[in-house]
Amino acid sequence: MSKNLLKLFSIISFRKLLSSANPFQYKMVRYFPNPYDDFKPGASGLEKEAIMAQLNEHLVNITKRLQPNRKNIDGGLYVGITGVSFMFYYLSKNPVLSDNKALFLEKAMDYLKPALETSAGDKTSFLLGDAGTYAIATVLKKDLGDEHYVDFLKMYKSLYIQYLNPKFLKCGGDEFFVGRAGYLAGVLWISRELKTQIFSNEDLYKICDLMVASGRDYSMKHKSPCPLMYHYYNTQYLGAAHGISFILQMLLTVPGYLQYNKSAANDIKTTIEFLVSLQTEEGNWPCCMEEVGLSDHKLVHWCHGAPGTIYLMAKAYLVFKDKKFLDACIRAGEVVWQKGLLRKGPGICHGVAGNGYVFLLLHRLTGDEKYLYRAQMFADFLITDEFQKDARLPDNPESLYEGTAGTVCYLADLLVPDKAEFPFQDVF
């Protein structure tokens, strides 16, 4: 990927869009009013057949409109064909869809092949570059019985040394898309899928220590109100896409790290508690530290806002057993129910499916049937005339994060809600 395109992905800020437009206009068009009654005992959601019909229609359109060739590699897992390969692999693991497993694996390989022949971008970028390609190739080829999976595993592991450079990326080397947190997410995902540890804990702790040191250094230099803080292109993002919430979630998720580094564990928990304090009364979070103190935080997206930050809070609740983190998750769910039917499209980054995943997470976290009902209603809204007519077409309409490939993963998870998980962000 060219540097200009990488920068385009990296520094698009929705708050800048707001500053250049009429705020009243954006307030009116950012999300659809929720037309559904909330859950009541006995209420029924979508039937399996309706979910399957929607899923299959998306698959037909994706394979028709987005071809597996070299011109569609750019953007990696995020918006390139590697993300569609992941989608098909994800479907192959779904027990309800097991009759089509062989076909899904074949299609996954079809969409991956061009990316194995041409670079998707920077090698070390997990979501936008080759690191993500190597991760998918490792897992997919292993599942297909191809012994060459070890070659791609070696390629993924060979990137490790670059993350140990304290000045790995000047733009901010700790976040998800291109930084250390993304690499750790890939490591944890590969290890789980292969059912084997691909790095020693000590090797992973070296990356974690660097991430903590980086956060401490930045926090000290910028006099942050919490022990750890990070930037991406000089913006202190709080959400999942480029921000601190995903970074902290990975530090909580690496097995044994909090016990290994007690000082880091204290700073991590203190920082998470600071983030809890920033949650607004309606349940959202500011996009970035620069917006703390503003009266209205409009972005209810996975990338910026409650739908992404909730994963950190859920993980913190499971790790620390502190109810305030669960309460933060429940408040986040309320703002997503009210303002989560986004006009930006069906995707998981800043779309309806990504916000629907909030309810699948809450369903797994609490066991409350209300959240499964809400998740089903978000899926139902995707096929309403109102959404079909008035939602915006994403720049990459068939992609994993912006488009319908991510929607397919969401619909597939509605079939097995007790195993549902946002891609590469497993909390449990």
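Select Thr253 first: its side chain reaches the backbone oxygen of Gln249 at 2.6 Å. That is a polar contact, meaning a pair of N or O atoms within 3.5 Å; within protein, one must be able to donate a hydrogen and the other to accept it, and residues adjacent in sequence count only if both atoms are side-chain atoms. The model is predicted: local features need pLDDT of at least 70, side-chain atom pairs count only at pLDDT 80 or more, and totals for chains, interfaces and linings use all residues. Residues are numbered from 1 along each chain as its sequence is written, and side-chain values use heavy atoms, without hydrogens and water.

Thr253 belongs to helix H13, residues 244-253 (helices are DSSP runs of H or I, at least four residues, numbered from the N terminus). Thr253 is buried, at 18% relative accessibility (buried is under 20% relative accessible area, exposed over 50%, partly exposed in between, with a 1.4 Å probe and protein chains only). Beyond neighbours within four places in sequence, show Leu188 and Lys315, both in contact with Thr253 (heavy atoms within 4.5 Å).

Next, the cysteines. The disulfide count is zero, a disulfide being a pair of cysteine sulfur atoms within 2.5 Å. Select Cys288: the closest cysteine sulfur, in Cys287, is 4.3 Å away, too far for a bond. Cys349 is in no disulfide either, with the nearest cysteine sulfur, in Cys303, at 3.7 Å. Cys288 is buried at 0%, and Cys349 is buried at 1%.

Finish at Lys223, in the loop between helix H12 (201-221) and H13. Lys223 has a positive phi of about 50° and is exposed at 72%.

Methods: Helices (H or I, at least four residues) and strands (E, at least two) are DSSP runs, numbered from the N terminus.
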